[in-house]
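Subject: Structure for you to look at

Hi,

Here is the structure I promised to pass on.

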Number of protein chains: 2
Amino acid sequence: VNDQLLPSWRPGATRDAVLAFLDAAEEVPVADRMACFDNDGTLWCERPSYVQLDFFLDALRTSVQADPSVKEQAEFAALLSGDQQAIGDIGLERIAMALTGLFNGLSPQDFTARTREFMAHGKHQTLGRPHRTCTYVPMLELIAELRRRDFSVTVVTGGGTEFVRAVSQELYGVPPEAVVGTLIEYDYAPDPPRLSRSGRLVGAANEGSAKVSNIQTQLGRRPILAVGNSGGDREMLEWAAAGDGPTLALLVNHDDAEREFSYVSTAQTFAEPEPITEVGARLGWTVISMARDWETIFA
Amino acid sequence: VNDQLLPSWRPGATRDAVLAFLDAAEEVPVADRMACFDNDGTLWCERPSYVQLDFFLDALRTSVQADPSVKEQAEFAALLSGDQQAIGDIGLERIAMALTGLFNGLSPQDFTARTREFMAHGKHQTLGRPHRTCTYVPMLELIAELRRRDFSVTVVTGGGTEFVRAVSQELYGVPPEAVVGTLIEYDYAPDPPRLSRSGRLVGAANEGSAKVSNIQTQLGRRPILAVGNSGGDREMLEWAAAGDGPTLALLVNHDDAEREFSYVSTAQTFAEPEPITEVGARLGWTVISMARDWETIFA
């Protein structure tokens, strides 16, 4: 029976480890069968730039068309000119908040509509395919198999919660309440009641240990499977792996320059950043080699 | 067919309004079928005291047994002596935080175990039945019917998120990620990774307009049905009612001193507090009279 499962995963130790976990999880109470997937670089491409950044840049160009003075704002000037020195001086956090600010005042519904409009047409810069087809087929197969086994499948992303929610049902079958990301606060106003996006984050960006805390506060369970690819997923993978009973920490190694991208994510575990694959090897995680373990990457 | 539905609801205008909404909702896309239920006074009894307060007092007695000096803390001294003057002077918010503090440092798992242990044995003070049987049968029927029609059923409570999550699956079939309440922050520590309850709230208590904001940030959709009973539910009911398409705002009026309790909840809508039932009548909500509309209250 197992031979039929996960057809895009090549036979080998990685696929065997995933299948062994799936079988072992049959003994776990259904209420405890929760899986947390990172999004960027885990469920879909994050190179050469995050999909959400492409969305933000698209919105920035629209804003500049409507009002050319927008491009004089320091964060946008640096970004639009591609001046790496200026970008570095300003810092990515401030730039991200400036981009987020382009949507200040929007209702959740309007923000979702903007996202879906972009996703309906946006294309990957180098792969030449629509962003919505840049998801990894082996991961979609894994999600379908988990769901068949009564897992709650969730997405735990460093990206914007509402951005990912706008597409999570269509791309992954994941409903909005099962998406945990970096959250923007809303402002409420009465008569008639309305919500509008503020420029303020709820707490910190959803990376590192924040992922663990936010999984608990927003999802209310501990995952028995966590899947990630970068330093920002480290704590989440450790959290899943250190639980009782069958658990699996699954890490994507982007080592396929031919079909996708080849790059090394690092984690700040010692004085010097350590490649996340070495962290994984040290901690006994299952590391997916995209080049070796996946027969198909994109549909 | 409709005659068979909601058997504990007596025939009449209220039941008709609920059934008409259920039929109309068949035309709403499944992704938009979300219902938000308040918990205390809406799904189960909140008089003479909140179930969570009984749980806290039980924990306080246990703490005092282990360490009698605990009862000298001002908040606890006032509470244990029932000194209403002192309670008023200290304020309910500070007392609630002091009680929450009894669980500081606990892991989410241990807190859940404490809650379930209490719920397995705790009894209602005057009804003489276990707390876990103080849920309203007509509401359980409505939840089952909503689920049969592919609604996502959620609980949006002013109570502690983790307290309600510990029982929501068993009592209502609602999984933890679909419970939105007042949240305690966790502290994360590594090697091995662990979470422990801090004494700090995430944001404000989940009442009033906070319910609307938190529905959006945590559940990511706007409800088309909201059910509540008190001033703290007002904004949530208005939020649901003001949406597009078929919507329903449903308010429980506790007017049954014989079978449950008779009391008036108020909302601060004008200079003077206004009974929430009058707010409901003014805004066109469907108001449930427990005495008139419900044939059965408890199982």
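B:Ser198 sits in strand S4 of chain B, which covers residues 194-202 (strands are DSSP runs of E with at least two residues, helices runs of H or I with at least four, both numbered from the N terminus). B:Ser198 is buried at a relative accessible area of 3%; buried means under 20%, exposed over 50% and partly exposed in between, with a 1.4 Å probe and protein chains only. Its side chain reaches the backbone oxygen of B:Glu185 at 2.8 Å. Beyond its neighbours within four places in sequence, B:Ser198 is in contact (heavy atoms within 4.5 Å) with B:Asn104, B:Ile184, B:Glu185, B:Tyr186 and B:Asp187.

Before you read on: this is a predicted model, so to speak of local features pLDDT has to be at least 70, side-chain atom pairs count only at pLDDT 80 or more, and totals for chains, interfaces and linings use all residues. Residues are numbered from 1 along each chain as its sequence is written, chains are lettered from A and ligands numbered from 1 in the order in which they are written, and side-chain values use heavy atoms, leaving out hydrogens and water.

Now the sheet in chain A. Seven strands make an open sheet with mixed pairing, in the order S4-S3-S2-S1-S5-S6-S9 (two strands pair if DSSP finds at least two bridges between them). S4 (194-202) and S9 (286-289) of chain A are at the edges with a single partner strand each, so one side of each has no neighbour in the sheet. S1 (residues 34-37) and S2 (residues 152-160) of chain A run parallel, joined by four bridges, and A:Met34 stands opposite A:Ser152 in S2(A).

Helix H10 of chain A (residues 234-241) is mostly covered, with seven of its eight residues buried. Among them are A:Arg234, A:Met236 and A:Trp239.

Finally, the interface. The contact takes 31 residues from chain B and 31 residues from chain A. Two salt bridges cross between chain B and chain A (a side-chain nitrogen of Lys or Arg within 4 Å of a carboxyl oxygen of Asp or Glu). A:Glu177 forms a salt bridge with B:Arg221, with the closest N and O atoms 2.9 Å apart. On the side of chain B that touches chain A, H9(B) gives the largest share, seven residues.

Cheers

Technical notes: Polar contact = N/O pair within 3.5 Å; in protein donor to acceptor, adjacent residues only side chain to side chain.
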